[in-house]
Amino acid sequence: MSTAILTGQPVPGSSLEGDLRDLGFDVRVASRAADVEVLLAEAPAGERVALVDAGFVGHAHALRLGLTDPRFPASAVPGAVTAQPSARAALTRAVRAAAQAPAGDTALRTDVLADRIAAELTADGTELHRPELGALVATVPGDPQARNEARQAVAAVDDEDIRLRTAVKSRDGFFTTHCVSPYSKYLARWCARRGLTPNQVTTASLATALIAAGCAATGTRLGFVAAGILLILSFVLDCTDGQLARYSLQYSTMGAWLDATFDRAKEYAYYAGLALGAAHASGGGGDGDDVWALALGAMVLQTCRHVVDFSFNEAHVGSTAATANTSPTAALSGRLDSVGWTVWVRRMIVLPIGERWALIALLTAVTTPRITFWVLLIGCAFAACYTTAGRVLRSVTRKAHRTDRAAKALADLADNGPLADAFAALKPLPLPAPAIAFAGTALLVAVAALTSYGSTWVIVVAAVYVAASGLALARPLKGALDWLVPPFFRAAEYLTVLVLAAAADVNGALPAAFGLVAAVAYHHYDTVYRIRGDAGAPPSWLVRAIGGQEGRTLAVVLAAALLPAPGFTVALTVLAVAVALVVLVESIRFWVTAHNEGAPAVHDEGEPA
């Protein structure tokens, strides 16, 4: 249990001890400053410790924000300071320094020990988080009159209302903001009061989406209607888990990973359910409708959209223009933001997850899977063109120096294997990396689409693509548009699988291709989440074990050229199972180990809902 040490004499009538116990602290009292170091040494080494002035007056939620957020090793609000185990040594040094320093050495209140300790922590080089309190009160009054005024200020502000409002993501889509969050935040509070965790709500959202996919797979109108309703319910729970995490400050490495991973699993499982439902539904001639190619196309398009987002963001982490973008496109964006309604229009047309799932749910209930997929493909294609064009314009109009960290992240996102690495060691071509990657991608996909199944020309072009994959990374990816290289590689691999499976024209080929792309996409998403969490890319042995993106592409091409169509289906299935097993086992091992070893808690807002 976390320990809170009250410094100074308790104030009669104060609810401070009760508030701290409600926050999960074991409260100890240090009447003298000399007792603080003793009680600090007695506190469990593996637990959080907080030092709070006994005269503190403020909202319980101010204490919650300042003393319980797991994302920060050390944090403080006026009158209180806390440290997690990783910052305990720094806290001990600060306590000793504060006890020895003259009272006038700091600009803070010299009679508040917690504030002096916070100042010493900062002077010692410890990064001290100070939460934005807004209207919340946190103070240590110096006299009875000031105490009464502080208590009146506390009574005048409803901290529960603030807690509920700040549980909602600050920037979200129109559908989520106006149709879900107004009531899902109350569901988050209901869950918090019953001891439910965000991870449990995330799991419930996944289960609901899988049931929705099962309903869609029945192929009946009633099943489609039920699927649409359940998909919306799954999205409500998806919003609730993040709101619950913000409401109760239950952030964790495992939670961020589960939330991001399950979002993709839910959507793509639903695509598969729709494709199965279309196959089971009776068409005009009594046969089902084969929409597996559309389902796979939707997954490919959506995954490539996400890779564009991830690559663009990673390319600008730490760049000289990352925090001050003065490009003409940024100026235009700022002017548009000043016109309120344009903000919502621009958020809606990119089809964030809320709008996208609402559209899918509605179309599932009232139309057919084929219509659903075609509308989804058209909408997502427009959104992809809109966002990518904007990012290209921003990249070429702003002057920024790319960091080594950004170049490494882009290289990791490229997912090159040993074959491409061999070509990367050669002399670089006098061409931009995106041009090389695009040329290889376009050539491969075009030849695969325009030649007949089994053509040996695809093998020749695949070999050229392998060379292009390596040569594109022969230099560090620090160019203005080098963030386009990973999306080009994703498009090459996924579209090649789609085109060759469609050309095989046998039962089971496209579902097997769907499974393979899903397994590989999981690996690519997992790479992103590791980089975002500052854990680095997956180990090199894993990338080599599954061949790298160019190795898998070449393997699929060889299978299509050398095997008959039924054998190609078997090969896709075997490759999908092998990749899924290797990637899932290592990914789960990594994230569980990181969680158990106390990796820093994170809260990734992810894709705007």
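In which helix does Gly 515 lie?

1. Gly 515 belongs to helix H22, which covers residues 509–532. The model discussed in this note is predicted. With a relative accessibility of 27%, Gly 515 counts as partly exposed. Its C-alpha atom is 7.4 Å from that of Thr 573, although 58 residues separate Gly 515 and Thr 573 in sequence.

2. The UniProt record, an unreviewed entry, places the feature "transmembrane region" at residues 371–393, 431–450, 456–474, 495–522 and 554–585. Two of these spans may be described further. Residues 456–474 are 79% helix and 0% strand, and their end C-alpha atoms lie 28 Å apart. Residues 495–522 are 86% helix and 0% strand, with end C-alpha atoms 16 Å apart.

3. The loop between helix H21 (485–504) and H22 contains Asp 505. Asp 505 is not a glycine, yet it has a positive phi of about 55°. Its relative accessibility is 66%, and Asp 505 therefore counts as exposed, the cut-off being over 50%.

4. Asp 415 is buried, at a relative accessible area of 4%. Asp 415 forms a salt bridge with Arg 552, in which the closest N and O atoms are 2.7 Å apart. The pair links distant parts of the chain: Arg 552 is in helix H24 (residues 548–562), and the two residues are 137 positions apart. Arg 552 is likewise buried, at 4% relative accessibility.

5. Salt bridges that share partners also join Asp 526, Arg 530, Glu 586 and Arg 589 into one network. The whole structure holds 22 salt bridges. Among them is the pair of Arg 391 and Asp 309, whose closest N and O atoms are 2.2 Å apart. This pair too connects distant parts of the chain, with Arg 391 in helix H16 (residues 369–397) and Asp 309 in helix H12 (residues 292–315), 82 residues apart. Arg 391 is buried, with a relative accessible area of 14%, whereas Asp 309 is partly exposed at 22%.

6. Another salt bridge is formed by Arg 71 and Asp 69, with 2.7 Å between the closest N and O atoms. Arg 71 is partly exposed at 28% relative accessibility, while Asp 69 is buried at 3%.

7. The aromatic pairs number 14. One of them joins Phe 590 and Trp 591 in an edge-to-face arrangement, with centres 5.0 Å apart and planes at 85°. Phe 590 and Trp 591 are both buried. Elsewhere, ring pairs connect Phe 175, Phe 235 and Trp 357 into a cluster.

8. Two arginine residues are placed over tyrosine rings. The charged end of Arg 163 sits over the ring of Tyr 247, at 3.7 Å from its centre. Arg 264 lies over the face of Tyr 525, 5.7 Å from the ring centre.

9. Leu 443, Trp 457, Val 460 and Val 464 make a nonpolar surface patch of about 390 Å². Helix H20 (residues 457–471) supplies the largest share of this patch, three residues. Trp 457 is found in helix H20 and is exposed, with a relative accessible area of 58%.

How values were computed
Residues are numbered from 1 along each chain as its sequence is written. This is a predicted model: local features need pLDDT of at least 70, side-chain atom pairs count only at pLDDT 80 or more; totals for chains, interfaces and linings use all residues. Side-chain values use heavy atoms; hydrogens and water are left out. UniProt positions are given in the numbering used here, feature names are shortened, and annotations may be inferred rather than shown by experiment. Helices (H or I, at least four residues) and strands (E, at least two) are DSSP runs, numbered from the N terminus. Rings of Phe, Tyr and Trp (its six-membered ring) pair if their centres lie within 6.5 Å; planes under 30 degrees apart count as stacked, over 60 as edge-to-face and the rest as tilted. Buried means under 20% relative accessible area, exposed over 50%, partly exposed in between (1.4 Å probe, protein chains only). A charge sits over a ring if NZ of Lys or CZ of Arg is within 6 Å of the ring centre and within 35 degrees of the ring normal. Patches are made of residues with over 30% relative accessible area and no salt bridge: like charges are joined within 9 Å, nonpolar side chains (Val, Leu, Ile, Met, Phe, Trp, Tyr) within 5 Å. Accessible areas come from the Shrake-Rupley method with a 1.4 Å probe; for residues, only the protein chains shown count as cover. A salt bridge is a side-chain nitrogen of Lys or Arg within 4 Å of a carboxyl oxygen of Asp or Glu.
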